[in-house]
Amino acid sequence: MRKPDLPAAVAEAAIVLIALGLACVAGFAGWAIGHYSRSGTSKTVNAAGTSPSAAASVDPQVAAGAHIFVQFACAQCHGEQGRGGVSPDVPTLTSVAKELKPQKLRSIIDHGLGESANPTKPYMPVWGEVISQTQVSDLIAYLRAGLPNVPTAEPPAIPQGQGPAVEGSVLYVRYGCINCHGPNGLGGVPNPQSPDKTIPPLSGQDFRKEFNTDKKIIDVIRSGSVIGRAPIVSMPHWGGIIPDSQLQALAAYLKTLK
Ligand code: HEC
Ligand code: HEC
């Protein structure tokens with residue numbers, strides 16, 4: 001006879017039921033907390049018990065602008081939150097939206113500024129073919145809001161002690177090369193008015209043949225290369241902005257590509 005097992009089975013079932021019930025209550029409480037904190041004010045504490053990030057109080061368009069500002073490396077030339085300090089040739093942007101009307105800002109971002117046939121200094125790149133009109137509107141909203149701090153709108157951290165190719169692969173994103181030259185340097189970003197109709201790849205046989213030394217690669221990154229006037233997109237001038245050791249790392253990374 002296995003009579004004694006019966007109460008044990010009942011007890012077991014009861015425990016399972018209680019556990020399930022608790023899980024439901026906890027689940028509901030979690031849902032409720034999450035639910036109310038989303039619709040609540042910035043003082044609400046979220047389900048994890050941490051205080052909400054300041055992002056909750058940033059206008060979504062301004063937040064989008066802050067992320068685009070980092071993604072397209074505006075921050076690498078104009079400084080974090082446009083505060084300058086990178087190069088004497090690149091202005092701060094902290095008060096530019098007070099001085100210039102939105103249309104003027106749009107025109108500068110789309111068409112660039114200060115570009116010359118033989119640039120020896122950084123110039124404002126032409127972005128019109130690369131950045132969408134929505135993204136430019138977001139950037140302008142961010143400039144007009146005074147370039148507030150938006151949590152997580154930060155460039156990727158540079159890996160230390162893992163060799164130049166690894167460092168270069170992150171710099172390729174950090175300096176926004178990827179936006180124009182594509183992931184893995186595959187190219188393909190349209191540049192309709194240019195002779196090639198696209199921004200060139202940084203991989204493949206043609207690239208390898210023409211840029212067969214580190215020096216050639218580094219020289220063109222440093223100097224940039226103006227193919228024509230806006231709306232044609234040219235290669236920005238990075239001399240005075242990207243330090244030499246990082247130029248070496250970028251060259252090391254580009255040599256690892258297909
Ligand atoms: C390669 C470096 C570089 C990058 C990247 C860059 N800029 Fe610029 N930008 C410049 C330089 C240099 C100037 C000044 C040009 C001049 O006055 O001749 C400038 C000027 C400007 C101006 C006009 C400032 C004024 O006071 O007249 C605005 C606005 C601006 N940039 C916004 C942006 C935004 C937005 C981005 C990102 C989409 C960006 N820049 C990315 C170098 C850069
Ligand atoms: C705004 C778009 C843009 C950005 C950002 C950009 N480039 Fe370029 N790059 C170009 C264009 C356009 C050319 C073609 C210039 C030419 O044909 O003279 C070019 C050319 C080059 C070349 C020479 C390749 C060739 O076939 O002419 C190298 C190398 C290069 N870029 C590396 C980089 C690196 C590294 C970065 C990031 C630090 C970068 N580029 C960022 C647009 C860009």
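**Helix packing and a ligand shell**

Helix H2 (residues 60-71) packs against helix H6 (residues 133-144) at about 105°, their axes 7 Å apart. This is a predicted model, where local features need pLDDT of at least 70, side-chain atom pairs count only at pLDDT 80 or more, and totals for chains, interfaces and linings use all residues. Residues are numbered from 1 along each chain as its sequence is written, and chains are lettered from A and ligands numbered from 1 in the order in which they are written.

Student: Which term describes the angle of H2 to H6?
Tutor: The angle is about 105°. Angles of 65 to 115 degrees count as roughly perpendicular. Therefore H2 and H6 are roughly perpendicular.

Student: Which helix gives the largest share of the shell around ligand 2?
Tutor: The shell has 25 residues, with Cys-177 and Cys-180 among the closest. Helix H8 (177-181) and helix H10 (214-223) each supply at least two. The largest share, four residues, comes from H8.

Student: Does Ile-158 count as buried, exposed or partly exposed, and why?
Tutor: Good one! Buried takes 20 or more other C-beta atoms within 10 Å of its own, exposed 12 or fewer, and partly exposed lies in between, with C-beta atoms placed from the backbone. Because Ile-158 has 14 C-beta neighbours inside 10 Å, the residue counts as partly exposed.

Definitions and conventions
Axes are lines fitted to C-alpha atoms, for helices over the stretch in contact, and angles run from 0 to 180 degrees between N-to-C directions. Angles under 35 degrees count as roughly parallel, over 145 as roughly antiparallel, 65 to 115 as roughly perpendicular and the rest as oblique. A residue is near a molecule or strand if its C-beta atom, placed from the backbone, lies within 6 Å of it.
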